[in-house]
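Please read these notes with the model open beside them.

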Amino acid sequence: MLEIISNLVKTISNFILPGFAKPDFISFDVYNYDEEKIKKLKAKGYKIIGWPLKNAEEKKALSKLFDNYIVEGFAINKKRVLSNEDNY
């Protein structure tokens with residue numbers, strides 16, 4: 001019960017105290033984004049996620065703007081696949 005209340009307080013504080021909370025990342029639609037806004041956010045230290053990435057060619061074209069991606073319809077080759085047992 002205490003964990004539920006703690007999570008609720010964190011969620012509410014993100015809306016009430018926006019100057020005190022910093023998200024882990026901000027996501028943008030790769031087909032509709034403001035490049036200048038992304039550059040300003042990156043300069044402030046925010047990680048930028050692009051979605052939905054639909055092919056590897058898009059990844060190459062957008063790699064300088066986005067830090068990571070949410071993919072749809074294909075897999076990105078990785079050296080290591082994370083499992084539920086990993087502590088991340």
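1. Lys-39 has a relative accessible area of 42% and is therefore partly exposed; that label lies between buried, under 20%, and exposed, over 50% (1.4 Å probe, protein chains only). Its partner in a salt bridge is Glu-35, at 3.3 Å from N to O. A salt bridge here is a side-chain nitrogen of Lys or Arg within 4 Å of a carboxyl oxygen of Asp or Glu. Glu-35 is partly exposed too, at 38%. Both residues belong to helix α2, four residues apart, or about one turn of the helix.

2. This is a predicted model, in which local features need pLDDT of at least 70 and side-chain atom pairs count only at pLDDT 80 or more, while totals for chains, interfaces and linings use all residues. Residues are numbered from 1 along each chain as its sequence is written, and side-chain values use heavy atoms, with hydrogens and water left out.

3. The structure has three salt bridges. In one of them, Asp-67 and Lys-42 bring their closest N and O atoms to 2.9 Å. Asp-67 sits in the loop between α3 and β3 and Lys-42 in helix α2, so this pair ties together parts 25 residues apart in sequence. Another joins Lys-54 to Glu-72, with 3.8 Å between the closest N and O atoms. Lys-54 is in the loop between β2 and α3 and Glu-72 in the segment after β3, so parts 18 residues apart in sequence are tied together.

4. Three strands make an open, parallel sheet in the order β1-β2-β3. Strands (E, at least two residues) and helices (H or I, at least four) are DSSP runs numbered from the N terminus, and two strands pair if DSSP finds at least two bridges between them. β1 (26-29) and β3 (68-71) are the edges, each with a single partner strand, so one side of each has no neighbour in the sheet. Four bridges link β1 and β2; three link β2 and β3. From β2 the chain passes through helix α3 (residues 56-62) to β3 in a right-handed crossover, meaning that the path from the first strand over the helix to the second runs clockwise with the strands pointing away from the viewer.

5. The largest nonpolar core has 10 residues, including Phe-28, Ile-38, Leu-53 and Leu-62. Such a core is a set of buried Ala, Val, Leu, Ile, Met, Phe, Trp, Tyr and Cys residues joined through side-chain atoms within 4.5 Å. α2 and β2 each supply at least two residues of this core.
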